[in-house]
Every structure is written in structure tokens, then in C-alpha cells.
Amino acid sequence: MRLAPFVCAIGLMSGGAMASPIDAAFRDFAALQGEWTCHGVFPASGKTIDSNVRFALDLDGKALVKHHDDTSAPALYHALEAWGFDAKNQRYNATILDSFGGARLFSSAGWADGRLVWSSAADVKPAQRFTYVREGQDGLRIDWELERDGAFVIGDTLHCSRRSSSQ
């Protein structure tokens, strides 16, 4: 069963990258497409972090693939995410594969009030959450939270700006 997230992500990545109509379930995600430059902080240590994030629709507009690459030294964290919509259960599912060998599953009800919250599956320990918050037309905040002593605390926060095509 641990192979399932990997198989799901590979399946999502194998689709063509050709432009196609956006599935109705992903219309609210279309604005994420493109490249983003992010700067943030780990509140517990005060250490800063820089990252590049790239979103692209795939599978004829029925999935979104996200690449996350840390760029500040030592730039060890890299992740690939595949987001899909489960019509039967009316929720979004995400698989995150990372450079540390992690494979985590998340689900979300979708965008609400400018926020997208991904909650980890029950077997992810400690429990985790990613919250995406729109910041104006070309801004995005990404908060990664993890559960400690029964409450969620911020692990890191990134403020992202859309990269222009000339960068």
C-alpha cells in the first residue's frame, strides 16, 4: 500500500503537457499555474528559506502538478506534488513525494474564502497541514503546520510572488 502514492504521482506526471481545457474541478486552481519565487522563515529557529515553486495543469486539465525546490543553502528539500479531484467523495487528494524519501497523502475540500487547506491522512505522523492563502493578484502564502502536543504549530511560512516570464 505504501507504493500507491508513488504510482499515483507517476501516473499524474506521465500525462502530456499540452494545453487543454481545464476541468471544472480545477478552474479555481488555474491561477496557480506558472512559476513562483518564495521567501520565508522557520519561526522556531528564525532561519530563512528561499524556494522556487512551479504549478502546471496535467491530464487534460484534471490534475495539477507542483514542483517545490528549495534554493537557499543547503537546498536539500525538493518535492513533487500531484493534486487530483475525487468526484465520488467530493474532495481533492494530493500525493507529495520528497527528496527525503517521504510519500504523504493529503485531502482538501478546495478553495474557500481565498484559502486552500490540505490536511494529512491519518497515517501521517505527526499530523500536518498546508494552507495556501491568496495575497493579491500575484501573491501566495504557504504555511506548513504540524501537530505538537495536540495543537498545530507553524513549521514554516513562505510568501511567494509570481515570476514574470522575463526572469
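Entry 1: I started with strand β2 (residues 48-58) and β3, which pair in the antiparallel sense over eight bridges. For my notes, strands pair if DSSP finds at least two bridges between them. Helices here are DSSP runs of H or I with at least four residues, strands are runs of E with at least two, and numbering goes from the N terminus. I looked up V53 and found its bridge partner in β3 to be H68. The hairpin of β2 and β3 has four residues between the strands, and L59 takes a positive phi near 50 degrees there.

**Entry 2: what I am looking at.** This is a predicted model, so I note that local features need pLDDT of at least 70 and side-chain atom pairs count only at pLDDT 80 or more, while totals for chains, interfaces and linings use all residues. Residues are numbered from 1 along each chain as its sequence is written, and side-chain values use heavy atoms, with hydrogens and water left out.

**Entry 3: the other partner of β3.** I then followed β3 to strand β4 (residues 78-86); the two run antiparallel and are joined by seven bridges. H68 turned up again, standing opposite A79 in β4. Is β3 enclosed by the rest of the structure, or how many of its residues are buried? Six of the eight residues of β3 (residues 63-70) are buried, so the strand is largely enclosed by the rest of the structure. Buried means under 20% relative accessible area, exposed over 50%, and partly exposed in between, with a 1.4 Å probe and protein chains only.

**Entry 4: the disulfide.** I found one disulfide in the structure, a disulfide being a pair of cysteine sulfur atoms within 2.5 Å. C38 and C160 form it, with their sulfur atoms 2.1 Å apart. The link of C38 and C160 is right-handed, with 105 degrees about the S-S bond. C38 lies in strand β1 (residues 34-41) and C160 in strand β11 (residues 151-162), so the pair ties together parts 122 residues apart in sequence. I checked burial too: C38 counts as buried at 2% relative accessibility, and C160 is buried with a relative accessible area of 3%.

**Entry 5: whole protein.** Of the 167 residues, 38% are buried. Among contacts (heavy atoms within 4.5 Å) with a separation of 6 or more, 35% come from residues 24 or more positions apart. The protein exposes about 9,200 Å², and carbon and sulfur atoms supply 55% of that; areas come from the Shrake-Rupley method with a 1.4 Å probe, and for residues only the protein chains shown count as cover.
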